[in-house]
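Let's take a walk through this fold, starting with the big picture and then stopping at a few residues along the way. Keep the viewer open as you read.

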Amino acid sequence: MHKVIYDTDPGVDDAMALLFLHRHPEIDLIGITTVFGNASVETTTRNALFLKREWDIPAPVAKGAGVTIDAARAEREFPAMVHGDNGLGNIEVPHTIDLPLDPRPAHRFIIDTVRANPGEVRLVAVGRMTNLAMALKEDPEIAGLVKDVVIMGGNFYVPGNVSPVAEANIHGDPEAADIVMTAPWKVVVIGLDVTSITTMSRSYLGAMAAKGDAAVKLLDGLSQHYIDFYSHAVDDGMMVHDSCAAVYVVAPELFTTITGAVRVVCGGIADGQTVVKPDGRRFPPGDWDGLPSQIVATGIESQNVLDLIRDTLLRA
């Protein structure tokens, strides 16, 4: 069993990944930590509690960061045009959910849970990396106690989605992302190189909903606004960014990867750009030297990934 803490900013594709992590038989979802990104942290936390309630997920929810790790960074608008004003595709969601939060802030929840399960916890982070960076700053030793970190974020050999060179999760807190990429732990980067070519059609999702239970029907409903947004890039479907990271946990063989040190550009016109120095390539001395070699996904078996998502979500 893979012990997973899911660090998330629900978010439509976050919701699909959450249901995948909850339902896959080889995953023990031991915590959900929230972060700002697709909406404010108040909204993403409310959404996490809503999905926990609707899908009967036992894992505790801990509220995380609401601002970037660098307090000097200006706040950006939340992407309501992508995920809806409420972060869940504008479906009806109560303003408050009558479920308790874990009393600890997310970064402390991560630290305590990792220390209680040394060498076992896999952090699946699909939003801004702020909570992870805060955990590292407070307790750097956890880097040696985490099994690995699987993130959805970044782009290496394809364009970005919020600037020509940057992906949204990394662009939202570049300083935090650079802390995470350069820490002495194993990071697997599932970025736009693979997620932007892994698209689920409206009809594929609809067929899942027709066959599935109330949880899958809810997922179908909250995804419609997101699919409409993607009409500029996808033929009546959506990119399943975050679910690709969740799938890697149980099926890494569906991905092609390279290894190398990764840095994040912080500031300037390339703010949020992720850059890998591939292992085996020689360059003059630079800012990648002496850093841990991370894993970067460059290829994916998209249809097999979609089918695994479908088969897992239909496990009621």
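The protein has 12 helices and 11 strands, where helices (H or I, at least four residues) and strands (E, at least two) are DSSP runs numbered from the N terminus. Its radius of gyration is 18 Å, close to the 20 Å that the globule rule gives for 316 residues, so the protein is as compact as a globular protein of that length. For the record, that radius is taken over C-alpha atoms, and the rule is 2.2 Å times the number of residues to the power 0.38. Along the principal axes, the C-alpha atoms fill a box of roughly 55 × 45 × 40 Å.

A few ground rules before zooming in: this is a predicted model, in which local features need pLDDT of at least 70 and side-chain atom pairs count only at pLDDT 80 or more, while totals for chains, interfaces and linings use all residues. Residues are numbered from 1 along each chain as its sequence is written, and side-chain values use heavy atoms, with hydrogens and water left out.

How much of the chain is buried? Buried residues make up 59% of the 316 residues; buried means under 20% relative accessible area, exposed means over 50%, and partly exposed is in between (1.4 Å probe, protein chains only). The accessible surface comes to about 12,500 Å², with 53% of it belonging to carbon and sulfur atoms; these areas come from the Shrake-Rupley method with a 1.4 Å probe, and for residues only the protein chains shown count as cover. Contact here means heavy atoms within 4.5 Å.

On the charge side, there are 25 positive and 41 negative side chains, and the centres of the two sets lie 4 Å apart. Lys and Arg count as positive and Asp and Glu as negative, with His and the chain ends not counted; each charge is placed at NZ of Lys, CZ of Arg, CG of Asp or CD of Glu.

Now go inside. The largest nonpolar core has 68 residues, and Trp55, Ile190 and Met200 touch the most other members. Such a core is a set of buried Ala, Val, Leu, Ile, Met, Phe, Trp, Tyr and Cys residues joined through side-chain atoms within 4.5 Å. Helix 1 (residues 12-23) supplies the largest share of this core, 8 residues. A second, separate core of 35 residues includes Phe109, Leu123, Ala133 and Met181.

Which residues does Trp55 contact, leaving aside its neighbours within four places in sequence? They are Ala15, Leu18, Leu19, His22, Ala215, Leu218 and Leu219.

Asp56 has a positive phi of about 55° although it is not a glycine. It sits in the loop between helix 2 (41-54) and strand 3 (61-62), and Asp56 is exposed, with a relative accessible area of 64%. Asn90 is another non-glycine residue with a positive phi, near 65°. You'll find Asn90 in the loop between helix 3 (80-83) and helix 4 (106-116), where it counts as partly exposed at 40% relative accessibility.

Gly11 lies in the loop between strand 1 (2-8) and helix 1 and counts as buried, at 0% relative accessibility. Beyond its neighbours within four places in sequence, Gly11 contacts Asn38, Asn47, His83, Gly87 and Leu88.

Buried or exposed: what is Val149, over in strand 5 (residues 148-152)? Val149 is buried, with a relative accessible area of 0%. Not counting residues up to four places away, Val149 touches Leu123, Leu132, Trp185, Lys186, Val187 and Val188. Its C-alpha is separated by 10 Å from that of Tyr6, 143 residues apart along the chain.

Ser223, in helix 10 (residues 214-229), is buried with a relative accessible area of 0%, and touches Val12, Leu205 and Met238 when residues up to four places away are not counted. In helix 11 (residues 241-250), 10 of the 10 residues are buried, so this helix is largely enclosed by the rest of the structure. Its buried residues include His241, Asp242 and Tyr248.
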